[in-house]
Structure formats: C-alpha cells, structure tokens
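Colleague: I've got a new model open and I'm still learning how to read one. Could you walk me through it?

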Amino acid sequence: MSRSEGTMQSRLLRGAHRTLTGLHPALESLLAAVVGLLVGAILMSIYGFDPWKAYMGLVKGAFGGSYEIASSLSRATPLILTALTFSICLRAGMFNIGAEGQMYMGGIASVLVAYFVLPPGLHQIVGLIFAAFAGAVWGIVPALLKVTRGVSEVISTIMFNWIARWLALYLAIYVVVDPRRPEKTLSIPVSARFPVLVPRTDLSYAIFVSIAFALVIYFLLWHTAIGYEVRAAGLNPTAARYGGIRSKRTMLLSFILGGLGAGLAGATIVMGLPPTYAIYGGGGLPQLLNMGFDGMAVAMVGRNHPIGILIAAVFFGGLNAGGRVMQFYGAKPVPLEMVRVVMGAIVLVMSIPELIRLFPAIKKQGEKLIGWMRRMSRRGEKEGAA
Amino acid sequence: MSFNDVLSLLRISLHAMVPLALTAVGEIVGETAGLFNIGLEGILLLSAFGGALAAGYGGPVVGLLVGMGIGGAVALVFAVINTYWKGTQMVTGIGINLFAMGFVAFGLIQLGAPGFHDVPNAAELFKWRTPMGLMSPMILVALVLPFLIHWLLKRTRVGLMLKAAGEMPEAADVAGININRIRLLAAVFGGVLAGLGGAYMSVAWLGVVTKQLSAGRGFIALACVVFSGLNPLLALLGAFIFGFFQALAEWVKTLPSKPIPGEFVSMLPYLITLLVVSGAIGRVRFPKALGEPYKRE
C-alpha cells in the first residue's frame, strides 16, 4: 500500500467516524427502540403469543392508512407537550416527574370553559390559558420547595402527582360534574372544541398547539439569552454560577415553562379529542391516565430536543394507536399493556450512554468469560490427571 | 375513639410500615455507596406480583424468597447499567418504573383476572395471635433490620467501604476498593430488601395484587430516606409515621359519618410526606458522589 493510499484511507475512516458520531443521537434512539421491541417480543413469546403477528398488527394499526396515521398523530398530540415538560426541566438540570399531575390540573381547568359563552376562537384560547395557568401553578410549587427548602424535585413532583390525581378526581366527581350524568364532567361546548382536522378521525387542530409550543420552546432555548442561561445552568451549574447566571431563576423558569406545557397537554385531550370532550371521573380519568409518564419516554427517545421530540412522539403515538389495534388482531390478541412494557425497556436502554460502544465491550466481556471457562476446564483436567 | 380503635390503628400502621421500612433501609445502603435508585416503585410492584405467583405454587416462604430474587435481579440490571456502563441513574429508574407498570398490568390480564389477582389463603404467610390482634411476623423483621444495618454502616469495615465509595470514590479506589463492585453489591442488596417488601405486600399483608398495589410506596420510601439523612433508625421512624397516616386514611374511610370526602383522605399520606420532607431538609447531608457514575481519570 502506497503512502497516499494510506492517508486517503485514514481520511475516509475519519470521515465515516465523523458521520457516525454525527448520527449518534438518532442512531442510539433507533437502537433503543429496536432493543425495546425485542424485549417485548421475547416476553410475548414467553407468554405464548406470536410477536411477529402482533407487531404486524401494531404497524398496520399505527401507519397502515390515512385513518391510522391520523389516529397516531392524535395520540402524539399530548405526548409532545408532556415530553417537552420533562425535557425543558432536564435541560435546566432537574428531573420533573410531575407532568402527570400538572396535566390533570390543566385538564380540569380547561373544563371550566363550559361555564362561559364566548365566540369560537376566543373560547379555545381562554381554555388553553386556563389549562396552561393551572399546569404552571402546579409546577411552580415543587420548584419553590426546591429553591427555598432544598426538597428534591423528584420526590415532591411525585407526591404532587398523587395529590393532583385525588384532587382532580374530587373536582371531576363533585365540582365540575355534569348534573345529568354524574360519571363525567361537563362537556366542552361546541364553540370551545378544536375542530377535527381529518374527517371521521379523532385528529383535531389541537395538534397545532403542540407543534407551536415545541417550536416556541426550541426558539426560546436555543435562540434567546434566557434559554442559553437555562441550558448553561443544566450543563454545568458551578460554571453557570460563576458566569453570573442565577440558578434559582432558571430553575423556577424551567418549571413554569414545563407546567405550561403539561397544562396545555390536558387541554388538548379534553378540548381536542373526540368524541367525549369531557373527563370521566367515575372511570378514574381514563383519557388522561399515564400521558405524563409516557411523555418522559418520548423525551428520552427524542433526545430532549423539541424537534427530536416531535419525531419520537409520532413513534410513541403510533405505538399507542397501533396497540389498540393489536389487542383485537389475530387469533390470540396481545393486550395493550405490552406497549408500556416496550416503552419501559426503551427508556432503560436509553439510560446507557454511548450505547453503540457497548457492543465491543460486551464482546470483550464474552471473550473474557469464555477464556475463564476454558481455564477452569483445563484446571479441572489437570486436577483430574493428578 | 375507643381503646380498640387505637389498637387497630396501631396494628394497621405497623403493617403499613413494613414495606416502607424494608425498602428505605435497603435504599440507604445503596445511597451510602452512591447509587440513587428511583426504580424502587417498580421493584415493589414486580416483586409483589412475582411473589404472589410463586406463593401460589410453593407457599408463602417461597413467595417471599422469589420476591427477594426478583428485587435483586432488577436491581442488578440497574446497578450494571449505572456502574460499569456509566448510565444515568434517574433515567434507568424511570425505565424500570414504566416497565413494571406495563408488565404487571399485562401479567394480570394473562392470569384472566380483571385487574387483580387474589392470593389463595393457603399461600398467605401465617400471622401471630397477639393481644393487639393478628400480627405478621414480618413486622419483627422490619423492626430489627434497621438496627442491624445501622450497626453494619457505623461499626464495620464493610460500612466504611460503602461510605468511602459514596463519599470519595477516587480515594477509595486508590485504597484498593473496587468501586463498581461494591456499588453493585450495595444496590443489589437494596433491591433484595425492596423485593422482600413487595412480596410482603401481596403474600403477607394485603393478600391481593393489583396494578396499582405499590401506590407510590417506593417513592414514599425514598422520602423516608431523605427525611432520615441515611440513618436507618430515623428511616424506621419515618416509615412508621407514613404508615400511620396511611392507616389513618384507611380508618377515616370506614367511618360512617364521613367527616371529609374520601379523595382528600387518600391524599393525606402524600401530603404528609411532602410536609415532613420540606420540614426535615436543611440539616441533612448526602454523600458527595451520590448519583454520579465513577470514571477513572
């Protein structure tokens, strides 16, 4: 090999490496998704299901046609917002597990528009403002506890989730209840509902609320001074403090922004998801349940970036929509809960940094193990000979 | 409130204390070594489910042992990711919780029951007859264990090694302690105890598995740890306080007069947790390297 060939090869290698590392985040998310689906497949085969058939049903149910795509997007709508809640706070260096509770409060607050008569357009905006405000109020209390008393936000937000759950149930059953049908809250009046975007599906204009909020957050975090401060405080709190960034302010700000997002998520479900346009207190808030927790998985796979979250939310919305089809598909249908198992496995895998580098490491460990077994067997032979 | 009411309240509080105390004490060992596991909630749920199933086949003791095994196995996954693979502890914990929520709901459907599984009477752990009513022997375990762990952490070489791994891993590494290994062992030990607590809930206490059986107990146990400042004896006290308020909530619900709506009573344990934790913080100090993977320079 001549010398010029050698340098060219190394340059090519370097180029390939750079491309690969540039792709790293997206590739790792993809890899995590694949591993998560594999874990799901293994569990399904242990329980005697046919994973291949189940996943075929899931994919068909998620992206098999315009109706399916619309319903996946409709499932993605609240997930985008709750994922943003988690990721804004993570960018600021904090774990906000409270999207679930903030979303409940937002949902309940948006029901209040049923008491007003307003022209369409304004009515939706009032509902969104109510919901965003309620979410932000519910989000700021853990932040204040953290700033003033040093309470870990992980514990306080989780406690707030449970408190919000019982408070929302109480409000749905006794306060904003529909007097004629006590199992549900008042329905949102037609003038405050988000119109359906694709006829005969449950995809409504509410999805534009989510997309707009994602773009606003992107602009705010990456193109303004305040956003820079938030991200700097998250990357290195000590350096940020020396740089004159007030960490308490960024903490409060990130929780308020997050609360706004989670509150809006509640509103998009209550005001923008046909056919109910109400919360069922009797059934334990079924439409709202777990949307906040699923949002954390979306945020992780979306790499805590608003644009990544938009893509990841469509994937998870597809999982939810397809899971609904999967549970009626084939001779032995797979329950919807399998989808959450897959999500959990994906998040678990996402927590491993530089996932791709693990493969050589695992191979090395495997070789070590084989070598150790060989040595042991050889020792056994020797002892046997002696 | 009659004397009998007080006794039954105390009895329920002691029973509710057990899973919190076991989980919290296990987590204290893990956190002393530097691993913060918020997947405890998921471990409780998974081991309650697995323990109940195993108890159906092999009796209550097998159920408890299987619960411990499941807890240890899940904690092993958590620990490997967060020691050797330098993972993000919070995210792994969130993943474990999501996985457990899905898996237990899925498993309950596979059993054919609509959302819950009854543990057969024969598979439930026996209870002692005492002047206070039927008491589970596990209460004794939960009362003794914190003292043992306190002695282990404060008075033994192992305790010192754990503390070094959590406080200053660089120095401990130089002194010849294998940081990753000791952290792994500590986290697995914590998982085994949480698994025991989870299996206790289904096999020895409530006799039923639902998909919300753990009901935030894993997180309340974390709150106990925060409240105690990594002192097992204070954690036991915290677990009793939280157990008492859970029992109080259950007791108020059974009152015929219904002084406050049931929803607010159910809120009580979480509200108290929040109040106690916000009151207790400030004087508490945690290991320096808590939550951070150890990387050799």
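Colleague: Let's start with helix 10 of chain A: how far does it reach from its first C-alpha to its last?

Modeller: Keep in mind that this is a predicted model. Helix 10 of chain A runs over residues 247-272, which makes 26 residues. At 1.5 Å a residue you'd expect 38 Å, and the model comes close to that, with a reach of 36 Å.

Colleague: And is helix 10 of chain A largely enclosed or largely open?

Modeller: Count its buried residues, where buried takes 20 or more other C-beta atoms within 10 Å. In helix 10 of chain A, 21 of the 26 residues pass, so the rest of the structure wraps around it and the helix is largely enclosed.

Colleague: What about the peptide bond from P274(A) to P275(A): is it cis or trans?

Modeller: Most peptide bonds are trans. Here P275(A) lies in the loop between helix 10 and helix 11 of chain A. Omega of the bond from P274(A) to P275(A) is near 0°, which makes it cis.

Colleague: Over to chain B: are helix 5 and helix 6 roughly parallel or roughly perpendicular?

Modeller: Their axes are 5 Å apart and the angle is about 70°. Residues including L152(B) and L153(B) in helix 5 of chain B meet V158(B), G159(B) and L162(B) in helix 6 of chain B. Angles of 65 to 115 degrees have their own class, so helix 5 and helix 6 of chain B are roughly perpendicular.

Colleague: Which helix of chain B gives the most to the side that touches chain A?

Modeller: The contact takes 39 residues from chain B and 37 residues from chain A. On the chain B side, the elements giving two or more residues are helix 4, helix 9 and helix 11. With 15 residues, the top giver is helix 4 of chain B.

Note on methods. Residues numbered from 1 in each chain as written. Chains lettered and ligands numbered in written order. Predicted model: local features only at pLDDT ≥ 70, side-chain atom pairs only at ≥ 80, totals over all residues. Contact = placed C-beta atoms within 7 Å. Helix = DSSP H or I, 4+ residues; strand = E, 2+ residues; numbered from the N terminus. Expected span 1.5 Å × (residues − 1). Buried ≥ 20, exposed ≤ 12 C-beta atoms within 10 Å, placed from the backbone. Axes fitted to C-alpha atoms, helices over the stretch in contact; angles between N-to-C directions. Parallel < 35°, antiparallel > 145°, perpendicular 65-115°, else oblique.
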